[in-house]
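Let us walk through this structure one contact at a time. Keep the sequence and the 3D view side by side as you read.

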Amino acid sequence: MDQETIDQSFLSQCLDLAKRAGQRQEVPVGALVVDNLTGQIVSKSFNLRETLNTPLAHAEVMAIHKACKKLGRWRLSGHTLYSSLEPCVMCSGVIIQSRLDRVVYSATDTKGGGQSLFQLLDNPKQNHQVEWTKGPFEADNQSLLKAFFKARRAKPGSGNKPYGERQK
């Protein structure tokens, strides 16, 4: 199989994880870490910020954390992170720190993407650069995100308050 077909297969699984996140009222983003040598999935996750009540529980960070625990090390060289959405600045920092070789994502995040806004992943000023690829399924992931946030805004009593802030 060529790399493009492999990437498509893993990004399809990220889309499925994103759908699961949305069903749990989490922002629909899914991610997985794959061993480059074996092609095996080491870990997978989806957003869990609402469930765990922490801003750190992005899909990418959770998948990286699980991979590190499973492998018993913090360096993930020899691995690729797949995500349904372009990693944000925080996630890009974790990706760089964990020494991942490559990132493949579907939907560009023009408001919060670490690569789109700041070119963090392949910045030569960093001590580690990460190869990145824009993969397929952008329209599917964008539709999923738009529908999720449209439904959230339509909920009675949601007003203009940030999600998670309780009404008094």
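Start with tyrosine 105. Its relative accessibility is 3%, so it counts as buried. The cut-off for that word is under 20% relative accessible area. Bear in mind that this is a predicted model.

Tyrosine 105 also takes us to the aromatic pairs. The count comes to three aromatic pairs. In one of them, tyrosine 105 and tryptophan 132 are stacked. Their rings lie 6.1 Å apart, centre to centre, with 15 degrees between the planes. Why does that count as stacked? Planes under 30 degrees apart get that label, because this is how the term is defined. The two partners come from distant parts of the chain, 27 residues apart. Tyrosine 105 sits in strand 4, residues 102-107. Tryptophan 132 sits in strand 5, residues 131-134. Tryptophan 132 has a relative accessibility of 31%, so it is partly exposed.

Now turn to another aromatic pair. Phenylalanine 148 has a relative accessible area of 10%, so it is buried. Phenylalanine 149 is partly exposed, because its relative accessibility is 29%.

Next come the charges. Side chains of opposite charge can pair when their charged atoms come close. How many salt bridges does a search of the whole structure find? The search finds three.

Look at arginine 102 in strand 4. Its side chain meets that of aspartate 7 in a salt bridge, at 2.6 Å from N to O. Aspartate 7 belongs to helix 1, residues 3-23, and arginine 102 to strand 4, so the bridge ties together parts that are 95 residues apart in sequence. Are these two residues buried or exposed? Both arginine 102 and aspartate 7 are buried. For arginine 102, the relative accessibility is 10%, which means it falls in the buried class.

Arginine 102 has another partner, glutamate 131. Here the closest N and O atoms are 3.4 Å apart. This pair also links distant parts of the chain: arginine 102 is in strand 4, glutamate 131 is in strand 5, and 29 residues separate them. Glutamate 131 is partly exposed, because its relative accessibility is 48%.

Another salt bridge joins the side chains of lysine 134 and glutamate 138, at 2.9 Å from N to O. Lysine 134 has a relative accessible area of 32%, so it is partly exposed. Glutamate 138 is partly exposed as well, because its value is 29%.

Finish on the surface. Which residues gather in a patch of positive charge there? They are Arg20, Arg24, Lys44 and Lys66. Lysine 44 lies in strand 2, residues 41-46. Its relative accessibility is 44%, so lysine 44 counts as partly exposed.

The surface has a nonpolar patch too. Val89, Leu117 and Phe118 make it, and its area is about 250 Å². Find valine 89 in helix 4, residues 89-97. Valine 89 has a relative accessible area of 38%, so it is partly exposed.

Terms used. Residues are numbered from 1 along each chain as its sequence is written. This is a predicted model: local features need pLDDT of at least 70, side-chain atom pairs count only at pLDDT 80 or more; totals for chains, interfaces and linings use all residues. Side-chain values use heavy atoms; hydrogens and water are left out. Patches are made of residues with over 30% relative accessible area and no salt bridge: like charges are joined within 9 Å, nonpolar side chains (Val, Leu, Ile, Met, Phe, Trp, Tyr) within 5 Å. Accessible areas come from the Shrake-Rupley method with a 1.4 Å probe; for residues, only the protein chains shown count as cover. A salt bridge is a side-chain nitrogen of Lys or Arg within 4 Å of a carboxyl oxygen of Asp or Glu. Helices (H or I, at least four residues) and strands (E, at least two) are DSSP runs, numbered from the N terminus. Buried means under 20% relative accessible area, exposed over 50%, partly exposed in between (1.4 Å probe, protein chains only). Rings of Phe, Tyr and Trp (its six-membered ring) pair if their centres lie within 6.5 Å; planes under 30 degrees apart count as stacked, over 60 as edge-to-face and the rest as tilted. Lys and Arg count as positive and Asp and Glu as negative; His and the chain ends are not counted. The place of a charge is taken as NZ of Lys, CZ of Arg, CG of Asp or CD of Glu.
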